[in-house]
Amino acid sequence: MTPASGRGVTAVLGPTNTGKTHLAIERMIAHKSGVIGLPLRLLAREVYQRIADKIGTASVALITGEEKITPASARYQVCTVEAMPEKTDADFVAIDEVQLAADLERGHVFTDRLLNLRGRHETMLLGAETMAPALRDLLPGLNLVTRPRMSVLQYAGSRKITRMPARSAIVAFSAEEVYAIAELVRRERGGAAVVMGSLSPRTRNAQVALYQSGDVDIIVATDAIGMGLNLDINHVAFAQDAKFDGFQHRKLTAAELAQVAGRAGRHTQDGTFGVTSRVNPFGDELVEALETHLFEPSKVLTWRNRDLDFQSVQSLKKSLETPANHPRLMKAPPITDITSLENLSRDPEIADIATSPDEVELLWEVARTPDYRRISPAAHTEILSRIYIDLCRNGKIDEEWFGAQVALTDHTDGEIDALSARIANVRTWTYLSNRKNWLENATIWREKTREVEDRLSDALHETLTRRFIDRRTSVLMKRLKENTMLEAEISNEGAVMVEGHHVGHLRGFRFEADGSGNGKDAKAINAAAAKALAAEIDSRAVKLGASPNSDIVLGEDGTLRWLGEAVAKLANGETVLKPRIIPLADEQLTGTALEQVTARLERWIANHVNTLLKPLADLAANETLSPGAKGIAYRIVENLGVLPRREVANELKNLDQDMRASMRRHGVRFGAYNVFIPILLKPAPTGLICQLWGLANDRSDNPGLTAIPQLSAAGRTSVEVNPEFDVEFYRLSGFLVLGNKAVRIDILERLADLIRPTTSWNPDKTVEKPEGAIDGKAFYVTPGMMSILGATHEDMAIVLKELGYREEKRLESEIKPPAQESTPAGDVADSADTKSATATQSTTTPQTPPQNATGSEVSGPPDNIEPEEPKMISIWRYGRNERSGNHANKKPKQMRGRKKPGKETPVQRNGAAKPRGKPEKEPDPDSPFAKLAALKAELSGKNG
């Protein structure tokens, strides 16, 4: 390595915001020609644009690995450091961010340029003060100038991402983390711009424009913002303090943190920095270093031999391994180009081709093609191999193959990752199209690849914006900053728009914000919306006042809806049948409009109650009733149409037939168990009754209010009682709770109609015996009784006991006529199909006395034959029962049978007359009949 000289070289060193880049630009255009090298393609684009705006596009060229704008009259070149020429005749040369010479991956390029590239009249090196010792040692005679920061940088501690001040940059070092933070900012703050080094300049510029224009107040970025991007940032927050540098994950050095933190505060405006997310607060020592800009100097710079030997592939490799001969320089570790050269040289076909210096030099040029895709070394080598073979054998890259590769990238569908991958892919083809003489129609392909990249960049920008920025909030915040009065309007469907952006919906008389306007713009948005809402609400009040009854409905939840929108709730009023109206409205509904809405809804609910519950209203208003009848009518209305008969039993005794007839004209039925109005047992009236009662008794939220009234609509005559339901809703819906069963009260009356003939039948008369009758006092359950209740024997037992009936067990053969004895309906013997429905019965089949082989009877059964138990049946008598409920305190008058005159003959439990005066013969103890007699005696003892 030939020692470098620092004569004519000026190093301008200092922290960020010292104006170094601006100084270099001004110095360059003061010369007749110049070259400036910058660390990033997007930064080169920015500087190019600044110079072009200043002196015109004809005088400046842009040269990067992927882009060339080279007017014939250009006097100045703006390049990425890698694209700078190795030699130049320009009067001025500047290299920016020279501290990157210590970078393991790219540092050797910066080192090469600062050591070897010189302007004819002036050379300027720009960077951090950490480079001062190394530059003095490497460039004897160097003129070193330091510049102070133009503003103060202070540590602001830790803040939550959602509480970042306006004009903040949140910095992370992975795409995944950048996306996650931007998503959170969108939800909480309306949105964020996104800047990463991997973005194309077009996408990056569009994202930066969103931030700079004030459409968003937060930018989420990688350390790409630390390299000369001039943004109006007041605060920088680190969401990560470690990154992967291409070789390992490591903590950022203090100098690297300072490069990014220094973006806060531009020119003379002070800035702050801090941490957020999972990053621990910075220690005092680090904070002091960042605030005072004092850091450990760079000890060594990475270096690679520039004097390469292209005599053979092996000599090329050997020259690349040449060590540095200066203590301030360190040989660069193998990176992508070295790896690609190694992989290519292993290909036998390439090894056969690369035998001359020109072919070896071309191999090295191909190997230096950047791996923008970063898929795998093997995939990258495969492309490079095809390119090299084409160039060596055909002189050019096969354009048909090249076009097919470009076409694979040319579609704009997909999300961020897919678009980013296509942009990375097309950058490879853009780079190749910018290589001199590698394509027959290089100019056409440069334009084509640029068009594809621009389309993908625009699509990526739109996707980033759609995902990470709420457009509505963005526009509104911008208008607010301009102190412009926001315009609002309401569509026919109730959508509320402010400045053309949907901010909520007017539901009835209430405005429901869409939830996204929860930032500092919310107050202004609501104020703008309120003006439009006031006029619309007044207009709606007038329309509601003139609406027909059919436009209003009452929901199961007690909400009144007008044209489908909730406008009021019912609440407890003067009486159960006169609920109070509570309008559901914002404060804009006031005065006359509020009175109009309330009055209309009060009229509607009064009409609705009087229509569905007309019998109650009519009964309450009947002034022709006698005082006794009025008392009963009042009790019926008070109980909302269902009144237990026992509660007015005495009053009913004194009620004459005329008054009964008058009340019947209002739909009242005087049943055995209840006095009720059958028409009110329909689903619609019972549903309204339950609602009104729930309101009046503060039990509207109790379970069962809506479910129980629907039982009748489903045709259910009896149901299992749900223990979770409020039991009162069963009564209000026309069901009587009997144990764990609830039976419709009109069905109970039909049951009473079936029982009554059996308990009033007189055996002494020739009247036909009713089904189920026994002796005029008791009865057994018939199929008809079970059918109307939809019940099993077990269900019937529960119901009858709750109604006050007492159960007795008798032999079926003694209760039912012989013709019915075998399989009477409703009392059949147990079987696999009917066991659960006849559990109250036991069965036996009458047996023929056993016979011997000749057919004659024998005195006893064979030892292997056991007699079956006799078939029993339940009979029911009215009377007190330990398990009977409140319904059994007195037998209903309509069901009482008349007592027979005369002296009753003593009867046995089986009902047969007992013989007198005749001694009974002792039965054979081994006889089956003796066993049957003993069983009867045992049963008689129990029933007695």
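Here's a quick briefing on the chain as a whole and on two spots in it, Gly226 and Glu285. This is a predicted model, so local features need pLDDT of at least 70, side-chain atom pairs count only at pLDDT 80 or more, and totals for chains, interfaces and linings use all residues. Residues are numbered from 1 along each chain as its sequence is written, and side-chain values use heavy atoms, with hydrogens and water left out.

**Whole chain**
- The protein chain has 31 helices and 35 strands, which are DSSP runs numbered from the N terminus (helices: H or I, at least four residues; strands: E, at least two).
- Of its 944 residues, 48% count as buried; buried means under 20% relative accessible area, exposed over 50%, and partly exposed in between (1.4 Å probe, protein chains only).
- Looking at contacts (heavy atoms within 4.5 Å) with a separation of 6 or more, 69% are between residues 24 or more positions apart.

**Around Gly226**
- Gly226 sits in the loop between strand S12 (218-221) and strand S13 (235-238).
- Gly226 counts as buried because its relative accessibility is 1%.
- Leaving aside neighbours within four places in sequence, Gly226 is in contact with Glu97, Gln259, Val260 and Arg263.
- Gly262 is 36 residues away from Gly226 along the chain, yet their C-alpha atoms are separated by 7.5 Å.

**Around Glu285**
- You'll find Glu285 in helix H8 (residues 284-292).
- With 69% relative accessibility, Glu285 counts as exposed.
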